[in-house]
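Colleague: Before I use this model, I want to know what stands behind each label. Can we go through them one by one?

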Amino acid sequence: LFDGVYPFYPQQRKAAVFDISTIIVIVVFLTLACSFLLIIPGIRGRARLYWTLRVLLSLFVGVVIVVVQFTGDWETGWVQANTSYKSFSPVQVDADIGLHIGLAGVNVTLRGNPVNQINETINYNEHFPWNFGADYDRSYSEGLQKGLPSPILYVAEKFSTQSPCAVHRQYRIAGHYASAMLWVAFCTWIISNILFSMPVLIYGGYMLLVTGAFMIFSLLSFSTVRNSPMCLIQIGTRALHVAYGGSFWLMLAIGLLCFVVGIIIVAMHHLNLDLLKTFFDLREDKAEEHEEMPGVFINPHFTNKG
């Protein structure tokens with residue numbers, strides 16, 4: 001205590017869902033999309049519609065694969081409860097406590113109802129990383145030293161290496177392998193786009209199926225955390241439960257979309273190749289396909305000499 005006041009020091013905040021890395025990735029892909037929209041008027045006929053559909057859909061798949069690496073809502077949970085605000089203090093506050101779990105760490109949110117209570121602004125959002133190269137326990141210790149509110153420290157303690165819950169290792173490894181598989185999916189997505197620009201469309205369809213497969217594998221890797229029973233997070237008289245969040249379901253939808261599009265491309269290659277080439281603007285003109293060799297002029301000098 002300092003003159004009877006609990007020390008609360010300012011800390012650099014990180015958003016629960018969006019952070020600076022997410023914004024950078026979105027800006028890069030939006031720049032690519034806007035650049036394409038500037039040149040799309042130069043494409044004539046129905047090919048303009050086909051190009052727009054292909055490019056925007058492909059960019060959307062790519063940005064989702066990269067962005068979900070940095071989001072913090074693979075698992076989320078909220079609870080509203082009356083809980084103690086400070087250690088060694090009987091003061092109770094009415095607040096919403098949120099838990100946001102990502103591939104690289106966990107965010108704990110505390111927001112008062114209303115925000116201004118007991119002459120303080122109760123609006124906290126703290127990030128505790130567990131990706132390789134980060135020290136979760138050190139981040140938790142720094143939170144203790146800074147005097148974070150008791151609900152945040154209580155929830156964060158559940159994921160520490162010393163916690164009896166023993167879920168830190170499971171989440172850390174599952175998030176690491178899920179992230180690695182997503183980067184592989186990003187590489188196969190790039191290869192599929194290269195193949196689609198060449199007259200080997202069926203191999204582009206195969207690579208799109210591989211992309212969807214690695215996205216589903218990343219979901220399976222992350223879902224292994226459910227094999228370890230989660231400790232009960234009791235806050236006041238209420239319990240905080242987590243469920244799969246927006247990033248998990250978005251990745252599932254995009255993975256299934258890649259499967260569907262890949263299967264359609266492979267099927268069209270065997271059923272109607274001309275229509276598939278038309279959609280990818282690779283169909284040669286009929287006149288050029290059946291064009292016969294023009295007349296050949298032969299130098300009579302070389303003929304007589306032969």
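**The disulfide**

Modeller: Start with Cys165 and Cys231, which form a disulfide with their sulfur atoms 2.2 Å apart. The model is predicted: local features need pLDDT of at least 70, side-chain atom pairs count only at pLDDT 80 or more, and totals for chains, interfaces and linings use all residues. Residues are numbered from 1 along each chain as its sequence is written, and side-chain values use heavy atoms, with hydrogens and water left out.

Colleague: Why is the pair Cys165 and Cys231 called a disulfide?

Modeller: The cut-off is a pair of cysteine sulfur atoms within 2.5 Å. Cys165 and Cys231 have theirs 2.2 Å apart, so the pair qualifies. A search of the whole structure finds one disulfide. In general, such a link is a covalent bond between the sulfur atoms of two cysteines.

Colleague: Is the link of Cys165 and Cys231 left-handed or right-handed?

Modeller: Left-handed, with -135 degrees about the S-S bond. Cys165 lies in the loop between H4 and H5, and Cys231 in the loop between helix H6 (201-223) and strand E5 (233-235), so the pair ties together parts that are 66 residues apart in sequence. Helices (H or I, at least four residues) and strands (E, at least two) are DSSP runs, numbered from the N terminus.

Colleague: What makes Cys165 buried?

Modeller: Buried means under 20% relative accessible area, exposed over 50%, partly exposed in between (1.4 Å probe, protein chains only). Cys165 has 10%, so it is buried. Cys231 has 26%, so it counts as partly exposed.

Colleague: How do Cys34 and Cys258 come out?

Modeller: Cys34 is partly exposed at 45% relative accessibility. Cys258 is buried, with a relative accessible area of 3%.

Colleague: And where is Ser150, and is it buried or exposed?

Modeller: Ser150 is in helix H4 (residues 150-157). Its relative accessible area is 16%, so it is buried. Leaving aside neighbours within four places in sequence, Ser150 is in contact (heavy atoms within 4.5 Å) with Ser84, Tyr85, Lys86 and Ser87.

**The sheet**

Colleague: How do you know that E1 and E2 pair?

Modeller: Two strands pair if DSSP finds at least two bridges between them. Strand E1 (residues 75-84) and E2 have ten, in the antiparallel sense, so they pair.

Colleague: What links E2 to E3?

Modeller: E2 and strand E3 (residues 105-117) pair in the antiparallel sense over seven bridges. Ile97 has Leu110 in E3 as its bridge partner, and Gly98 has Thr109 in E3. A hairpin joins E2 to E3 through three residues.

Colleague: Which strands make up the open sheet, and in what order?

Modeller: The order is E4-E3-E2-E1-E7, five strands with antiparallel pairing. E4 and strand E7 (243-244) stand at the edges, each with a single partner strand, so one side of each is left without a neighbour in the sheet.

Colleague: Why is E2 called largely enclosed?

Modeller: Eight of the ten residues of strand E2 (residues 92-101) are buried, so the rest of the structure largely encloses this strand.

**Backbone exceptions**

Colleague: What makes Pro114, Ile118 and Asn119 worth a look?

Modeller: Most residues other than glycine have a negative phi, and most peptide bonds are trans. The bond from Asn113 to Pro114 is cis, with omega near 0 degrees. Pro114 is in strand E3. Ile118 has a positive phi near 45 degrees, and Asn119 has one of about 65 degrees. Ile118 is in the loop between E3 and strand E4 (120-129), and Asn119 is in the loop between E3 and E4. Ile118 is partly exposed at 38%, whereas Asn119 is exposed at 86%.

**The largest pocket**

Colleague: How is the lining of the largest pocket made up by class?

Modeller: It has 20 nonpolar, four polar and two charged residues. Ala, Val, Leu, Ile, Met, Phe, Trp, Tyr, Cys and Pro count as nonpolar, Asp, Glu, Lys and Arg as charged, and the others, Gly among them, as polar.

Colleague: Which helix gives the most to the lining of the largest pocket?

Modeller: H2, with eight residues.
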